[in-house]
Amino acid sequence: MSDGLEIRGGGAVSVDTESLREAAGRFDRMIDDLDVLQRRFGAARAELADERRFGWAAAGAASVFAHDLDAAIVQAAQIAGDLRHAAAVYELVELDAEHAALSARGDGAGLAAVELRRAELLRLFPGADGEAFIARFDRAVLWPSFLVRQATETGSDLGGIFSEFGAAIGGVALGGATLGTAAIFGVGGWGRLSRDARLDGEPSAVVLRSTPPPPRVTTAPPDLASAASRMPGAGEARVRVEKYTMPDGTEQFAVYIAGTQSLGVGGEDPWDVQSNAELYTGSRSASYEATLAALEAAGAKPGDTVHAFGHSQGAMIAAHLALEGPYDMATMVSFGSPVEADVGADTLAVAIRHSDDPVAVLAGGGHETAVGAPGSFTAEREAHADSGLVDATVPAHSMRSYAESAALVDTSGDPRVATVHEVFARLGQAEAVAVTEYAAARPQPAAAERLSPRGGEDAG
């Protein structure tokens, strides 16, 4: 934990069940050592009792110590049992989520294995399924708690302009609406993309052009904060591609994809509200096509290794590149993504999100089971604790806030972060780095065509 930062392996359970069982095993070994000590001490205690004339006081002290030793053994056994019970509860949560996913895929063999393991756990820990249900229910209700609190406080501030009663009504109304909306997205699951999720529709027309060369870059970013600082969007560029020529002659690519830049719908800028809606509802967007075109223009060929970094809408694009793109997606780092994709075991998935970011809430709390390759993780914190009218600007969703969180992740000391740092270190061995940034536009119809699709006298 650092400044409220929580890093977990992903999914509903942020506890490693194997670590709990390993800790229980350590307590078992400690109990064995205490048992040995108790037997040895018992013999010495008997000798002291035999020498009442000289060892009576020492025998009394030994009796007190023996009592404390017995209590320590009982307590250690209780802790070991509680750890194993907790591990069983958390594993049941994971198994229930896995069961639902396997059912959706129609995986009969997988379902049988899950049910067998579930039955074994319930035989060893009767009643643990009830605790697992409560744990899942608590997550479903509590995961948007930071955003609900802020909404309640903001509603109270707004209502307080009129009266104390207005403050109460405003807080309940806005907080309740936020909780209800979050619950709808959580239950609906639209932001949780399955491994076989694909975008529908025909490719959108888009015009791509390179922008003025960015500042010279000769190395890969050393960490997540540096990668976040390379995200385009401040100027004309929407996609940044870095091509790395590795010592063995192969090429790898890093693509940085901007978040939404326009509140328009169907205008010239593909990074607009229309593309947001299309991507979230499973349709191809002009921004997705522009990203594919940018990678191709930078020299990426099908099967090449790509590392993707995306903010908001850019994170949705990166998710679909990983799910259905023509490239070998080795790494996917998302900032404030409205979706979480089950990218499979070959993609290192790093999700940085804010618990008070309403855009991240659209992901519905994410998948209940961990996604991505070993070493994947989710980092989360409350980015903007203060509530009020400033929340209307959604400060927790800004790329600046996410860059700050990325820096906290880098310095957290969590061993899982080392995995993504190793990716940067390998890219840092490149013999050459070429950088290109791209702008994109939707082709706009001529003025006469905008009047009517039929045009001329037929316009009605």
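The model is predicted, so local features need pLDDT of at least 70 and side-chain atom pairs pLDDT 80 or more, while totals for chains, interfaces and linings use all residues. Residues are numbered from 1 along each chain as its sequence is written, and side-chain values use heavy atoms, without hydrogens and water. Helices are DSSP runs of H or I with at least four residues, strands runs of E with at least two, both numbered from the N terminus. At 1.5 Å a residue, the 12 residues of α12 should span 16 Å (1.5 Å times one less than the number of residues). The end C-alpha atoms are 16 Å apart, which agrees.

The axes of α8 (residues 273–280) and α9 (residues 286–297) come within 8 Å and cross at roughly 90 degrees. The two helices are therefore roughly perpendicular (65 to 115 degrees). S275, E278 and L279 in α8 meet A286, S287 and Y288 in α9 (heavy atoms within 4.5 Å).

Three aromatic pairs occur in the whole structure (ring centres within 6.5 Å). The ring centres of F309 and F424 are 6.1 Å apart and the planes lie at 15 degrees, so this pair is stacked (planes under 30 degrees apart). F309 belongs to strand β6 and F424 to helix α13, so the pair ties together parts 115 residues apart in sequence. F309 is buried at 2% relative accessibility, and F424 is buried at 3%. Ring pairs link Y256, F309 and F424 into a cluster.

Terms used
Axes fitted to C-alpha atoms, helices over the stretch in contact; angles between N-to-C directions. Parallel < 35°, antiparallel > 145°, perpendicular 65-115°, else oblique. Phe/Tyr/Trp six-rings, centres within 6.5 Å; stacked < 30°, edge-to-face > 60°. Buried < 20%, exposed > 50% of the residue type's maximum accessible area, 1.4 Å probe, protein only.
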